[in-house]
Amino acid sequence: MEKKLKVAALKDGTVIDHIPSDKLFKVVHILHLDTCKNQITLANNLESKKIGSKGLVKIADRALAENETNKLALICPDAKINIIRDFEVVEKRPLVLPDEIREVVQCPNPVCITNHQPVQTRFFVLKENNKTKLKCRYCEREVKVEEVKIK
């Protein structure tokens, strides 16, 4: 049986694969792909043996910055990032949250200093029973990842 590509190959750039289908447009939003000038290919509801239905993003001629991979790790931690050069995967990057993330999440506490002063947000990443929470470095409010507002 001949194998066919459902999405065109990428010469150079970044592929974000295994995005849960219901998170694809959140990925587009948090990475600001709606204003990106690079060629972008989006695919959704593709068949996946691992997660049933998946999304895929291909961004030509661009590598993701650390804060962008941190954002992805918050909303779709099992997604895969592949760096492509001359149509070949040259690097596979796992999504791993560091112990502290900066300037990625807005503190939900309305009286937190980060919501009133030009202070960089900083959150400690807490992992407990396979659940991830974030704790504001300044006001110490803890919040579930599903409840955070990503910048």
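Mentor: A salt bridge here is a side-chain nitrogen of Lys or Arg within 4 Å of a carboxyl oxygen of Asp or Glu. By that criterion Asp-12 forms a salt bridge with Lys-11, since their closest N and O atoms are 3.5 Å apart. The model is a predicted one, and it holds 9 salt bridges.

Asp-12 is buried because its relative accessible area is 19%, where buried means under 20%. Lys-11, with a relative accessibility of 44%, counts as partly exposed. The pair also belongs to a network of salt bridges that links Lys-11, Asp-12 and Asp-86.

A further pair consists of Lys-54 and Asp-17, whose closest N and O atoms are 3.0 Å apart in a salt bridge. This pair links distant parts of the chain: Lys-54 lies in strand β3 (residues 52–60) and Asp-17 in strand β1 (residues 13–20), 37 residues apart. Both Lys-54 and Asp-17 are buried.

Glu-91 and Arg-93 also meet through their side chains in a salt bridge, at 3.0 Å from N to O. Glu-91 has a relative accessible area of 34% and is therefore partly exposed. Arg-93 likewise counts as partly exposed, at 25% relative accessibility. As a general principle, side chains of opposite charge can pair when their charged atoms come close.

Key
Residues are numbered from 1 along each chain as its sequence is written. This is a predicted model: local features need pLDDT of at least 70, side-chain atom pairs count only at pLDDT 80 or more; totals for chains, interfaces and linings use all residues. Side-chain values use heavy atoms; hydrogens and water are left out. Buried means under 20% relative accessible area, exposed over 50%, partly exposed in between (1.4 Å probe, protein chains only). Helices (H or I, at least four residues) and strands (E, at least two) are DSSP runs, numbered from the N terminus.
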